[in-house]
Amino acid sequence: MSESNASTILSPGLSEVEAQVRLLAEGFNELPATGRRTPLRIALEVMREPMLALLLGGGAVYLLLGDLQEALILLAFATLSVGITIVQEARTERVLEALRDLTSPRALVIRDGESKRIAGREVVRGDLVVLGEGDRVPADMLLIQSADLQTDESFLTGESVPVRKIAGKDGQLPAERRPGGDDLPFAFSGSLVVRGSGVGEVLA
């Protein structure tokens with residue numbers, strides 16, 4: 001659904017004043033930002049692990065007893081453990097950074113009866129978001145309009161097949177809000193619109 005078609009939406013959406021009040025009260029629509037850990041910081045955290053201390057202590061005992069071979073084996077295992085943990089944690093940090101970027105796309109919203117594009121992080125609860133093919137869903141939402149809408153939720157469910165979406169009906173909404181499965185009236189943050197168009201009201 002393009003910006004020109006957004007005028008067919010009956011509801012005027014939130015006013016700018018309401019949106020700003022909610023933004024101030026509830027904060028930006030983004031994952032909590034934490035300082036990225038450096039490899040040195042990760043290594044220091046690993047060094048505090050009891051199991052690593054046990055391996056190092058065992059190596060020191062073998063060294064004091066004169067068993068150099070056993071000491072070197074334990075120290076090698078300890079070093080390998082630290083190395084693997086640092087690599088895994090560094091990858092996790094990169095994935096989290098990518099996920100933060102992924103979940104903050106630009107969004108076409110309806111405010112004061114007019115369509116406007118804003119940063120995904122500025123979307124607030126109650127906003128009406130217009131979705132079209134190729135759009136990244138900026139927040140979890142209840143669909144109030146759907147025209148052959150399909151989304152890719154593979155990063156949430158692992159399923160590569162797009163799922164079909166329908167508009168929700170008052171009094172007939174599923175009790176459970178979960179990704180995956182056809183003919184559900186919810187679109188989920190970070191999923192990709194691969195077909196059709198729709199309009200959703202932001203839930204969170």
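This is a predicted model: local features need pLDDT of at least 70, side-chain atom pairs count only at pLDDT 80 or more; totals for chains, interfaces and linings use all residues.
1. Helix 4 supplies the largest share, three residues.

2. Helix 3. This helix covers residues 50–64, which makes 15 residues. From its first C-alpha to its last it reaches 21 Å, close to the 21 Å expected at 1.5 Å a residue. After helix 3 comes Gly66, with a positive phi near 90°.

3. The chain as a whole. Five helices and seven strands make up the secondary structure. In sequence order the pattern is α-α-α-α-β-β-β-β-α-β-β-β. The chain has 204 residues, and 31% of them count as buried. The accessible surface of the chain is about 11900 Å², with 57% of it belonging to carbon and sulfur atoms. Among contacts between residues at least 6 apart in sequence, 64% join residues at least 24 apart.

4. Salt bridges around Glu16. The whole structure holds seven salt bridges. In one of them the side chain of Glu16 meets that of Arg111, at 3.6 Å from N to O. This pair links distant parts of the chain, with Glu16 in helix 1 and Arg111 in strand 1 (residues 106–111), 95 residues apart. Glu16 also forms a salt bridge with Lys116, where the closest N and O atoms are 2.7 Å apart. Here too distant parts of the chain are linked: Lys116 is in strand 2 (residues 114–119), 100 residues from Glu16 in helix 1. In general, side chains of opposite charge can pair when their charged atoms come close.

5. Which residues are linked in a network of salt bridges? They are Glu16, Arg111, Lys116 and Asp127. Arg111 has 4% relative accessibility and therefore counts as buried, as the cut-off is under 20%. Glu16, at 24% relative accessibility, counts as partly exposed. Lys116 is partly exposed as well, with a relative accessible area of 32%.

6. Lys165 and Glu153. The side chains of these two residues meet in a salt bridge, at 2.7 Å from N to O. Lys165 lies in the loop between strand 5 (163–164) and strand 6 (186–187), and Glu153 lies in the loop between strand 4 (141–152) and helix 5 (154–157), so the pair ties together parts that are 12 residues apart in sequence. Both Lys165 and Glu153 are buried.

7. Asn29. Is Asn29 buried or exposed? Asn29 has a relative accessible area of 15%, so it counts as buried. Asn29 sits in the loop between helix 1 (16–26) and helix 2 (39–47). Its side chain reaches the backbone oxygen of Gly120 at 3.0 Å. A polar atom of the Asn29 side chain also lies 2.8 Å from the backbone oxygen of Pro138.

8. Positive phi at two aspartates. Most residues other than glycine have a negative phi. Asp112 is not a glycine, yet has a positive phi of about 55°. Asp112 is in the loop between strand 1 and strand 2, and its relative accessible area of 47% makes it partly exposed. Asp183 likewise has a positive phi, of about 60°, although it is not a glycine. The loop between strand 5 and strand 6 holds Asp183, which counts as partly exposed at 35% relative accessibility.

Note on methods. Residues are numbered from 1 along each chain as its sequence is written. Side-chain values use heavy atoms; hydrogens and water are left out. Helices (H or I, at least four residues) and strands (E, at least two) are DSSP runs, numbered from the N terminus. The expected span of a helix is 1.5 Å times one less than its number of residues. Buried means under 20% relative accessible area, exposed over 50%, partly exposed in between (1.4 Å probe, protein chains only). A polar contact is a pair of N or O atoms within 3.5 Å; within protein, one must be able to donate a hydrogen and the other to accept it, and residues adjacent in sequence count only if both atoms are side-chain atoms. Contact means heavy atoms within 4.5 Å. Accessible areas come from the Shrake-Rupley method with a 1.4 Å probe; for residues, only the protein chains shown count as cover. A salt bridge is a side-chain nitrogen of Lys or Arg within 4 Å of a carboxyl oxygen of Asp or Glu.
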